Amino acid sequence: MSRYCVIGAGAAGLSALQQLREAGHEVECFEKSDRVGGHWHTDYDSLHLITSRDMTNFEGFPMPAEYPHFPRRDQISAYIESYAAHHGHYDLITFNTEVVSVAPEPAGAGPVGSAGWRVITSRGDEGVFDGVLVANGHLWSAKIPAVPGEFTGTKLHSSEYQNVKDLQGNRVLVVGAGNSGCDLAVDVAQ
């Protein structure tokens, strides 16, 4: 039986856990935080799903019918938690454990290649896995562009923004027109 490591217990990590289990593989997951759901627990208060509830769900596990078509952040985090509980994923996840290194394991004498991947976490050496799936999320490291000149006002990356109280009484410039930028522009404009 193949042994796989999944890094991260957000929506993508949980989906990977489920698919690997259904394919008959042994699987372990390491999650840096203390819960499943990733950024759905920590992003700004006004965050909503931007795709329809009925088009955005785990295979075979629809969102509750009473959810609005574009569910709120708290509803999505509850949905993700219910999926993990329903499928027994909590037994496969080691929480509060950061993966600090993934390195190919030498195949020994013979053809060039790898005998798997050695995974080191904040707990220590977790051993060698046949494969590693990285599902650590795209919001774990804020990307802040270098801008010439000096700005003395408050600067917040969208990952630091919680709600309009963070900016109350200030003129606000939102830089970026991605999903978060548009959400925040609408939030602060109200």
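Trainee: What share of the 190 residues of the protein chain counts as buried?

Mentor: This is a predicted model, in which local features need pLDDT of at least 70 and side-chain atom pairs count only at pLDDT 80 or more, while totals for chains, interfaces and linings use all residues. Residues are numbered from 1 along each chain as its sequence is written, and side-chain values use heavy atoms, with hydrogens and water left out. Buried means under 20% relative accessible area, exposed means over 50%, and partly exposed lies in between, using a 1.4 Å probe and protein chains only. Of the 190 residues, the share that counts as buried is 31%.

Trainee: Which pattern does the protein chain follow, read along the sequence?

Mentor: Helices (H or I, at least four residues) and strands (E, at least two) are DSSP runs, numbered from the N terminus. The protein chain comes to three helices and seven strands. Read along the sequence, these give β-α-β-α-β-β-β-β-β-α.

Trainee: Is α1 roughly parallel or roughly antiparallel to α2?

Mentor: Axes are lines fitted to C-alpha atoms, for helices over the stretch in contact, and angles run from 0 to 180 degrees between N-to-C directions. The axes of α1 (residues 11–22) and α2 (residues 73–86) come within 11 Å of each other and cross at roughly 20 degrees. Angles under 35 degrees count as roughly parallel, over 145 as roughly antiparallel, 65 to 115 as roughly perpendicular and the rest as oblique. The crossing angle therefore makes α1, relative to α2, roughly parallel.

Trainee: How many residues of the contact of α1 with α2 are nonpolar, polar and charged?

Mentor: Taking contact as heavy atoms within 4.5 Å, A11, L14 and Q18 in α1 meet I80, Y83 and A84 in α2. Ala, Val, Leu, Ile, Met, Phe, Trp, Tyr, Cys and Pro count as nonpolar, Asp, Glu, Lys and Arg as charged, and the others, Gly among them, as polar. The residues of this contact divide into five nonpolar, one polar and no charged.

Trainee: Is V175 buried or exposed?

Mentor: V175 lies in the loop between β7 (131–134) and α3 (179–189). With a relative accessibility of 68%, V175 counts as exposed.
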